[in-house]
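Biologist: Could you take me through this model and the rules behind its labels? I would like to see each value set beside its definition.

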Amino acid sequence: MLDAGPAPLVQVQDLKMHFPIYTGLFRRHTGDVKAVDGVSFQIQAGQTLGLVGESGCGKSTVGRTMLRLYEPTAGRVIIDGDDVASLPPEALRKKRPSMQMVFQDPQASLNPRMTLADIVSEPLHEHTDWTRAQKLERVYELMDQVGLNRRFVNRFPHEFSGGQRQRIGIARALALKPRFIVCDEPIAALDVSIQAQVVNLLEDLQEKLGLTYLFISHDLSMVRHLAQRVAVMYLGRIAELSPSTDLYSRPLHPYAEALLSAVNEPDPELALRRKRIILKGDVPSPANPPKGCNFCTRCPKVMDICKTVKPDLVEVEPGRMVACHLYTAAGSTGASEAPERKNQERNQQGENR
Amino acid sequence: MTDASSTPPKPASQLRDIWSQFSTHKGALFGLIVLGSLILAVLIGPYLWVPEKLTVAEAIKLKNQGPSLRFPLGTDQLGRDMLYRMLLAGRVSLAVGLVAMTIAIVFGTFIGILAGYFRRLDSPLMRLTDMFLALPLIPLLLVMVMLFRDRIAGMIGPELGAFTLIVFAIGITSWMATARIVRGEVLTLKEREYVLAARSIGARPNRIILRHILPNVVSPVMVAATLGVAEAIITESVLSFLGLGFPPDFPTWGRLLFDGLQYMQVYPERVIWPGLAISLTVLSVNYIGDGLRDALDPRIRGR
């Protein structure tokens with residue numbers, strides 16, 4: 001299923017983003033926070049990939065690293081034929097219009113001292129040499145597209161509601177006609193009623209403009225509604241990558257199963273009978289992840305092999321990829337086992353208590 | 001919606017909004033009026049108020065006079081008209097205060113932004129700032145004035161030379177506080193999401209600094225600037241007092257203050273006049289800065 005059809009618009013291969021830790025008097029490099037540790041996926045043009053996981057699992061870092069707002073430690077991010085992770089600065093600048101981002105907090109992502117017109121036309125200042133009138137025309141067009149009244153053009157961000165601010169953020173991302181947009185929890189800071197509006201707007205725009213989304217969220221039901229395929233992340237690695245219908249009806253990875261059991265069930269009859277999986281312990285520190293599978297400290301189905309060998313993300317059913325030893329033949333051990341530090345066991349957070 | 005789409009508003013200039021907010025700030029308006037009349041007075045006052053020429057004998061008889069119609073602010077210990085000297089002194093003091101403050105603010109903001117934004121420059125620039133902070137200020141100024149006064153005076157004349165040197169010396173030794181404040185502010189601002197958004201758009205660092213960071217460090221810079229004016233006027237008077245500023249017969253407010261200090265017990269008004277002028281200047285600049293800071297912030301504007 002993955003190999004059929006045209007080449008994917010976005011290909012991420014073994015992306016790693018490690019933030020160094022410096023400690024002591026001489027600021028020596030003593031370790032890394034492995035926020036993203038070997039993530040690979042593909043997104044077909046015009047589709048949406050949902051990226052879910054709990055707080056701090058590296059979802060946002062994946063999005064930001066893909067647009068090279070952080071310098072990735074390793075890996076490749078191929079967007080429309082160019083490896084964004086290794087482009088030289090000027091080529092990267094030229095590439096920027098084709099990939100944009102919608103940020104989580106619409107209040108924080110808009111400069112409080114700029115008017116709506118300034119904010120939305122900023123990308124045009126950077127990448128076009130249009131006249132003032134042309135830019136204004138484009139700003140009006142974008143405001144119409146995202147459903148903002150043209151009269152608001154001189155207003156400042158603090159004069160808008162949260163939903164309107166997020167629309168401004170979307171208009172800014174659309175200004176340069178991008179093909180790929182990273183939506184970094186665009187609805188997390190909004191009211192539920194506004195969330196639906198913004199999600200519908202994103203869907204409409206995708207249909208009209210043929211956009212490709214990476215939709216980062218911790219709202220599982222919203223991702224189900226929006227995404228064709230969903231990747232579940234845990235501690236910097238993808239646990240499961242499946243088509244969303246399959247994932248929601250029958251999650252394979254134990255973590256995905258536990259995560260999905262937390263989704264609210266609107267039917268009270270079903271809700272009573274539903275089996276809720278409650279994980280024990282805390283998420284281990286990404287600076288010091290477990291030696292084997294990242295989830296082995298909390299997994300209800302943990303086996304011996306899980307504690308020593310990191311499972312690879314492999315296709316276990318057509319279109320469904322899982323990183324779990326439950327679905328891998330016992331003999332095939334993980335080939336790309338990351339080099340681990342010796343003092344692993346001493347300071348292990350999140351062990352079963 | 002229909003009427004709006006037929007006549008969509010043009011992006012308007014913010015100058016009018018800024019002025020209307022500024023004019024609601026009573027203190028700022030008061031400051032603007034006071035500072036404006038002070039500047040006007042020292043600029044055209046010496047032409048309007050020309051004291052009578054006195055011979056030396058007359059002047060000595062008329063020394064240390066109190067305020068009268070003939071001498072509105074009295075006379076000093078050499079029988080010179082205080083009003084005339086105050087007006088002349090104001091020219092120099094105001095010019096020194098404003099120009100030295102501008103130099104310090106521009107330089108301090110520049111250093112602060114470079115240090116805060118570019119991580120590689122941070123450590124060297126901040127160590128430079130520490131170095132300047134650690135230097136004893138007065139001896140440094142004395143050395144600078146001693147080394148360069150004659151050379152600059154030879155090039156552009158003694159008075160303008162002294163002015164240039166003093167303004168430069170004060171400016172170059174008072175930018176450190178601004179640099180530190182600005183650096184701290186920039187460090188927090190550059191992690192904001194809107195700066196990240198600008199980077200994701202592909203904005204170059206100079207654009208990010210000019211459009212997103214500089215407008216948001218205005219408030220602390222404004223506070224530093226208003227305090228800087230007062231400090232510059234005082235430092236100038238200290239230099240003049242030590243005999244290394246302007247020539248002794250060349251009046252400045254600080255100079256008049258120090259001259260009057262010896263007679264303070266007998267003729268307190270001799271200290272009050274220049275002191276009042278300095279205080280009024282500082283106070284009005286402070287209020288103007290306050291009003292300007294509010295007017296430049298769209299979140300406060302219109303409340």
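Biologist: How many salt bridges does the rule find across the interface of chain A and chain B?

Modeller: The rule finds six across that interface. A salt bridge here is a side-chain nitrogen of Lys or Arg within 4 Å of a carboxyl oxygen of Asp or Glu. Over all chains, the structure holds 25 salt bridges. Before we go on, this is a predicted model, in which local features need pLDDT of at least 70, side-chain atom pairs count only at pLDDT 80 or more, and totals for chains, interfaces and linings use all residues. Residues are numbered from 1 along each chain as its sequence is written, chains are lettered from A and ligands numbered from 1 in the order in which they are written, and side-chain values use heavy atoms, with hydrogens and water left out.

Biologist: What makes Glu193(B) and Arg64(A) a salt bridge?

Modeller: Their closest N and O atoms are 3.2 Å apart, and the rule asks for within 4 Å, so the pair qualifies. Arg64(A) also forms a salt bridge with Asp184(A), where the closest N and O atoms are 3.9 Å apart. Because Arg64(A) lies in helix α1 (residues 59-66) of chain A and Asp184(A) in strand β7 (residues 180-184) of chain A, that pair ties together parts 120 residues apart in sequence. Helices (H or I, at least four residues) and strands (E, at least two) are DSSP runs, numbered from the N terminus.

Biologist: How much area do chain A and chain B bury between them?

Modeller: About 3200 Å², with 54% of it on carbon and sulfur atoms. Buried area is the accessible area (1.4 Å probe) that two parts lose on being put together, summed over both. Leu69(A), Arg113(A) and Glu126(A) supply 22% of what chain A buries against chain B, more than any other three residues. The contact (heavy atoms within 4.5 Å) takes 36 residues from chain A and 31 from chain B.

Biologist: Why are α3(A) and α11(B) called roughly antiparallel?

Modeller: Helix α3 (residues 116-127) of chain A and helix α11 (residues 205-213) of chain B pack at about 155°, with axes 12 Å apart. Angles under 35 degrees count as roughly parallel, over 145 as roughly antiparallel, 65 to 115 as roughly perpendicular and the rest as oblique. The two helices are therefore roughly antiparallel. Axes are lines fitted to C-alpha atoms, for helices over the stretch in contact, and angles run from 0 to 180 degrees between N-to-C directions.

Biologist: Which residues meet there?

Modeller: Glu122(A), His125(A) and Glu126(A) meet Arg207(B), Arg211(B) and His212(B). Ala, Val, Leu, Ile, Met, Phe, Trp, Tyr, Cys and Pro count as nonpolar, Asp, Glu, Lys and Arg as charged, and the others, Gly among them, as polar.

Biologist: Turning to chain B, how many helices and strands does it have?

Modeller: Chain B has 14 helices and zero strands. Its C-alpha atoms fill a box of roughly 80 × 55 × 35 Å, taken along the principal axes.

Biologist: What makes α5(B) oblique to α8(B)?

Modeller: Helix α5 (residues 82-117) and helix α8 (residues 158-172) of chain B pack at about 40°, with axes 8 Å apart. That angle makes the pair oblique. Their contact has eleven nonpolar, one polar and no charged residues.

Biologist: And why are α5(B) and α6(B) oblique to each other?

Modeller: α5(B) and helix α6 (residues 119-134) of chain B pack at about 140°, with axes 6 Å apart. They are therefore oblique to each other. The residues of this contact divide into seven nonpolar, one polar and two charged.
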